[in-house]
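Dear colleague,

Please find below the structure that I am handing over to you, together with its sequence. My notes on what was found in it follow directly after.

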Amino acid sequence: MADSSGAPADPALDHAEPEIRAERAYLATARAALHRMHHDVVTTETQLTAAAEDNDNYAERLFQKRARELRALLLVDLPDVPLFFGRLDFDPGAAHPGSTGAERLYIGRRHVHDGAGDPLVIDWRAPISTAFYRATRDDRQGVRLRRRYGFSGAAELTAYEDEPLAGPGVDGDRAGAFLAAEIERPRSGPMRDIVATIQPEQDDLVRAPLERTVCVQGAPGTGKTAVGLHRVAYLLYTERDRLGRTGIAVVGPNRSFLSYIRRVLPALGEVNVTQTTVEELIGRGPAHHREDPAVARLKGDARMAEVLHRALWSHVTRPAEGLVYAKGVYRHRVADHEVSEIVAGLRGAMRYGPGRAAAAKRIAHAVLVQMERRGESPDDRTHNAVARSKPVRQLLDAVWPKVTPEQVLFRLLSDAEFLARSARRDLTQEEQELLLWRRPPRSWRSAKWSDADTALLDELSDLVERTASIGHIVLDEAQDLSPMQCRAVGRRCATGSMTVLGDIAQGTAPSAVGDWAALLRHLGKPDARLETLERGYRVPAQIIDFAARLLPEIAPGLGAPTSARRSPGALRVAAAAPEGLPDAVAATCREHLKGEGSIGVITADAALPALHQRLLAEGLEAASLEENENAMEDARLVCVPATLAKGLEFDTVVLVEPAGIVNAEPRGLHRLYVALTRAVSALHVLHAAPLPAALREAA
Ligand SMILES: Nc1ncnc2c1ncn2[C@@H]1O[C@H](COP(=O)(O)OP(=O)(O)OP(=O)(O)O)[C@@H](O)[C@H]1O
């Protein structure tokens, strides 16, 4: 780089080289233009708001108001986010796509134009910006030179790196060096965006069209989460009207992961995206108890869908007698066989709730026919009144009763005979026994539901009333979902599309589906485009090779991951006596706290509280992710229970007692693979118990 750091704070006073001064001046011009654009939007929109107050449609008024607020928000200058990060110089007269006629374009997080409407900064999502990510020496796309900028923490332009695509004497690895420097820049707090260095294979996925579901299998650190988040920003740019109305959501594994990624989209200018866990998306609050893995696996099995279907619809029965509807001196009768026919015609033809309402209407219609035969002329009001009348309601309560998902599931898990009738041959006798509560709660009201139950309740809920669908869902760490959870997520974008991200080797849930084709089927997206990301960016080769020793055992079908970086000395494995282990951990943390960057101490959940206390007692400022979901923002040194490590990364990882992680759960080796692949620069494995066999060979 021309200048790596420590540039003076004030560009007007500095002694930097003329090129940097010129670029800083351009940045200042662009900033001023953005301020003017923001000011224009706020003032014009205030006038528009006053005019729009007259609009009679409240919902539309609210929508427009929100859209206006968002437009202004998108133009706010974020002080610590550089306005542009790259530049393209085109061949003179090159006809590049979406040509503005300019021979030089600055690429940034949003569009900025001067007073005359000419672009000063082009949004990275615009078609013309694609060349910034895709142009190569073999396919220059009219680009002569690609420039990337380096910034200080305060968004001060301090450096640039040129990558000429034409002409002789090019150092082909300059872009790689820039990428490595960007990845290795010390971390503090939450995940940051990668907009300046998105790689071609990632860019292809970011810019895939909205219509088709995309599923990405990728080894740890290949950028799946980053791709998903940048894709959200891209889709909102290209399809803002459509997604503004239908909605877009990012679904992650837990709250601490969501806290970790929550800054990326705002940094990309997108503030209006729901970020949620599967449980929150399903909307039944946190689960109340942990389930035995064997029971959870069975409840997550797709066969449960059919069992639930039967359980619900078994409430619809043949009538014992017909309807007698008294009006004045007349008794109108609908015979039992007629009611049976009506019910049979509707049963299964629509969802349970609307089915009951339609049955009421049809029975009422039969009454109306008789009224007409007697010379009356009943109207719609009479039709509605009969449908809602007490005799019709009583008849329906017998043949098509109102039921809630909780009532049905309660009955299924507490009544062996009802379960057997609903399960038929879909579940074995042993499986049925496994499902039944050992000690059933008194009623459905006092039942404590598990995560697996939540997905069952959701399935029932959708059988009763249709679930609303949104425009797009980005589903991260999808490999952990059970078939029933997949169905719950899939029905929430039945009319939309999805971005499904994950790594089969990192599947730690006992009820995980285990292969992408089946998972996509359960999501209702069997025609998804399935892609693989192979190049890992986070984890240096030395560490990924070590972790990959576990793959033949945990994911035999997957190829070994590769790394874009090597980092000698990145991996250290050391044994300690059991009583000396905490001291060794404290000493390693202390050593790394002298340098820069984040440090994650990962160990089995059960061992974490004591280790955290010990580090505090040693005078180290350690936060615990178990106690505080924002711990990564509050401290450089963070204690991480192994079950919360998924999706996170730290400059240094101190992994304590791998055997404890492996022994804690049925898929403990998968969990260990996750923990081993969280480090960007250094991994220290400290252990007292023997390492798992595969790692012993490698150590
Ligand atoms: N194009 C890139 N430019 C810079 N850094 C990158 C790039 N791609 C990935 N990285 C780095 O790799 C890290 C890992 O990315 P991300 O969390 O998206 O990977 P992942 O595939 O979701 O990993 P995991 O499966 O372990 O959750 C990023 O935080 C970033 O540090």
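Of the 699 residues in the chain, 42% are buried; a residue is buried if 20 or more other C-beta atoms lie within 10 Å of its own, exposed if 12 or fewer, and partly exposed in between, with C-beta atoms placed from the backbone. Please note that this is a predicted model, in which local features need pLDDT of at least 70 and side-chain atom pairs count only at pLDDT 80 or more, while totals for chains, interfaces and linings use all residues. Residues are numbered from 1 along each chain as its sequence is written.

The chain has 30 helices and 22 strands, which are DSSP runs numbered from the N terminus (helices: H or I, at least four residues; strands: E, at least two). Its C-alpha trace spans about 105 × 70 × 45 Å along the principal axes. Two residues are in contact if their C-beta atoms, placed from the backbone, lie within 7 Å. Among the contacts with a separation of 6 or more, 73% are between residues 24 or more positions apart.

The nonpolar cores

A nonpolar core is a set of buried Ala, Val, Leu, Ile, Met, Phe, Trp, Tyr and Cys residues joined through C-beta atoms within 7 Å. The largest one has 160 residues, and V232, V601 and L683 have the most contacts inside it. Helix α6 supplies the largest share of this core, eight residues. A second, separate core of 20 residues includes Y325, V334, A360 and L368. In soluble globular proteins, nonpolar side chains tend to be buried together.

Leaving aside neighbours within four places in sequence, V232 is in contact with I248, V250, L265, E270, V273 and V474.

The surroundings of the ligand

There are 24 residues around the ligand, of which P220, G223, K224, T225 and Y537 come nearest; a residue is near a molecule if its C-beta atom, placed from the backbone, lies within 6 Å of it. The elements that give two or more residues to this shell are α4 (174-184) and α6 (224-238). By class, the shell has eight nonpolar, 11 polar and five charged residues. Here Ala, Val, Leu, Ile, Met, Phe, Trp, Tyr, Cys and Pro count as nonpolar, Asp, Glu, Lys and Arg as charged, and the others, Gly among them, as polar.

The unreviewed UniProt entry carries the annotation "binding site" for G218, A219, P220, G221, T222, G223, K224 and T225. A219 lies in the loop between β7 (214-218) and α6, and G223 is also found in the loop between β7 and α6. A219 counts as buried because it has 29 C-beta neighbours inside 10 Å. G223 counts as buried because it has 25 such neighbours. Apart from residues up to four places away in sequence, A219 is in contact with D503, G536 and P561, whereas G223 touches I194, Q202, L533 and Y537.

Helix α12

Which residues of helix α12 (residues 303-313) are buried? They are M304, V307, L308, A311 and L312. These residues cover an arc of only 130° around the axis, and therefore lie on the same side of α12; the arc is that of the directions from the helix axis to the C-beta atoms. What covers them includes α11 (293-300), α14 (352-373), α17 (405-414), α18 (416-423), α20 (451-464) and α21 (483-490).

With kind regards

Notes. UniProt positions are given in the numbering used here, feature names are shortened, and annotations may be inferred rather than shown by experiment.
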